[in-house]
Amino acid sequence: MLLPAMSVMPLAMGPSHPAMHGIVRINLELDGEVVVDATVDIGFLHRGFEKMVERHTWNQGIVYTDRLNYVSAMMNNVGYCLAVEKLLDIELPPRGVYLRTIMSEVSRVIDHLTCIGAQVMETGAMTAFLYAMKAREYFYEIVEMCCGARITTNWTRVGGLCADAPGNFVEALRERIPLVREVNVELDKLITKNRIFIDRYRNVGCISKEDAIDFSFSGPLLRASGAPYDVRRDTPYLNYDEFDFEIPVGTRGDVYDRYLVRLFEMEQSLRIIEQALDKLPGGLVSVDDKRVTLPDKSDVYGNIEGLIDQFKLIMDGHGLQPEPGEVYHSTEVANGELGYYIVSVGADTPYKCRVRPPCFVLMAALPKMIIGQMVADVIPIFGSINMIGGELDR
Amino acid sequence: MNSVELISALTTSLTYPDLLFIVDKDIAVVAIPASKVADLATELKTRPEFAFDMLTDLTAVDWLGKQTPRFEVVYHFYSTSHNHRLRVKAAVDEGQPVPSLTKLYSIANWFEREVWDLYGIKFARHPNLKRILLYEEFKGHPLRKDYPYDKRQPLEPETWPVRELQVQMEEGRKIHRP
């Protein structure tokens, strides 16, 4: 068998490659070191999220949302529950709303730290990666305090939370904010003005504002390209309209701007957490409605009404049954706009639960970002997208 | 514009037959026959008073045994300049193609591939309508309501590289046969 003389060299990067976090394949065509063509193959982690949620009750679906963006699972929980609550037309007591906001921002910091840490590690900065992991650990302890788990949180319930935050929650979080902020400053000192990273990141993987909008970008990548779109400000949900925070916007849309936007956003998230902690009210975290919220275990085992309430929510064919209708609810997660489009036909399971994953659209635009760049630039560009396999392939 | 104003502006300026406008849970909704989707999207994108420059989401719903036509393709548009949203629902029957929006929105390419992959709805004039999440050998479309939830279709790893190699070798022989 003779091979024809090739002017371009095909190279399959992935699906199992250390820099392809999770599993994805980029089929590159190289002319020397320059990428002349690229296609992206996804779906290696497809597990039928929508089909699974269609087979489970409204509350059971929350477990599956953990596995979407497993770095900041709490924000997925919150997004799903907000969509179902919009369908049910219920509103949370203030403490529940505040806790959801606080933990969303904690998760955002975790996600950005992971992204920055991994991105700089792939370009050679092991120290900065370890600093980021250290700071992430402080906040994972808070996540663990709230729900007992670190990654697969399953923290919210339709109409509230699985449990109130523990007694020392506020103090523990207040203690950790300066520690995380200190790490942010260290990261800033290590990377932002470091010649190595400026050379690697500046004018690499640029995407213009128009192209970013054409590809439906959202989150840090869209803002790095210069469009100040943030769901938290443009269509406020939870209680984001009560807080004072800024939305960092880049100018060039390259990897360096994306890094800076993420770094600034962490500071803004910390500011939101501080403001929310100052105002954190007391009271219930879940709606006081027996048709939505499970009763206390002491009631279930202690009296007949509690037992009936539990039965009515847990038994097949009972449980939550939202009115027929459909709802699209979008939230700003660390990667961009996470949308849930949920259809109910009045049954105890969702008829359809579509997730609009933020990194799906970013991966669709990846060939546009890497064509014409060097093959070594593929790694930082891909790192700046912050692709999460669980949410990309669902 | 809020949803009510948006709907009234759309009602007065769009002149297609068979349009249905409502406001559903704070979002403006337009229902339209599938064949008109591309025309409607062009107007929504180009008219400055709407300026829907972002296709946020595209998916489908299978209404097997509940509604005819069977499928509903659901678009969510967003305007970054006006900060308003719109849902467009296009009813489509099995086998009937929907006009592709790839010319208007680049992201429609992947969204439409996903809908084709999971629901088997074809998009006319799509440049590359291939499966995206599943593999090419997959039979059926798993998010259809008549696809059994517990059906398994493993991809046998030993078949495809061997077959591909065989094809290559046969072709090689053909080419170099005197």
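Visitor: Which contact do the side chains of Glu54(A) and Lys145(B) make, and how should I read it?

Guide: A salt bridge is assigned when a side-chain nitrogen of Lys or Arg lies within 4 Å of a carboxyl oxygen of Asp or Glu. In this predicted model, the side chains of Glu54(A) and Lys145(B) meet in such a bridge, at 3.2 Å from N to O. Because Glu54(A) sits in helix H1 of chain A, and Lys145(B) in the loop between strand S7 (123-124) and helix H4 (159-176) of chain B, the pair joins two chains. Helices (H or I, at least four residues) and strands (E, at least two) are DSSP runs, numbered from the N terminus.

Visitor: What should I keep in mind about numbering and confidence?

Guide: Residues are numbered from 1 along each chain as its sequence is written, while chains are lettered from A and ligands numbered from 1 in the order in which they are written. As this is a predicted model, local features need pLDDT of at least 70 and side-chain atom pairs count only at pLDDT 80 or more, whereas totals for chains, interfaces and linings use all residues; side-chain values use heavy atoms, with hydrogens and water left out.

Visitor: Which residue of chain A forms a salt bridge with Asp57(B)?

Guide: Asp57(B) pairs with Arg354(A), the closest N and O atoms being 2.7 Å apart. This pair also crosses between chains, running from strand S3 (residues 54-62) of chain B to strand S8 of chain A. Both Asp57(B) and Arg354(A) are buried.

Visitor: What does the side chain of Ser218(A) approach on Glu337(A)?

Guide: A polar contact is a pair of N or O atoms within 3.5 Å; within protein, one must be able to donate a hydrogen and the other to accept it, and residues adjacent in sequence count only if both atoms are side-chain atoms. Here a polar atom of the Ser218(A) side chain lies 2.8 Å from the backbone nitrogen of Glu337(A). Ser218(A) is placed in the loop between H8 and helix H9 (220-224) of chain A, and its 1% relative accessibility is why it counts as buried. Contact in the wider sense means heavy atoms within 4.5 Å; leaving aside neighbours within four places in sequence, Ser218(A) touches Tyr229(A), Asn335(A), Gly336(A), Glu337(A) and Arg356(A).

Visitor: What area is buried between chain A and chain B?

Guide: The size of an interface is often given as the accessible area lost when the parts come together. Buried area is that loss (1.4 Å probe), summed over both parts. Between chain A and chain B it is about 3,800 Å², of which carbon and sulfur atoms give 59%. In chain A, Lys51(A), Glu326(A) and Tyr351(A) lose the most area to chain B, together 18% of what that side buries. The contact takes 40 residues from chain A and 46 residues from chain B.

Visitor: How many helices and strands does each chain have?

Guide: Chain A has 17 helices and eight strands, and chain B has four helices and seven strands. Buried residues make up 59% of the 394 residues in chain A and 48% of the 178 residues in chain B.

Key. Buried area is the accessible area (1.4 Å probe) that two parts lose on being put together, summed over both. Buried means under 20% relative accessible area, exposed over 50%, partly exposed in between (1.4 Å probe, protein chains only).
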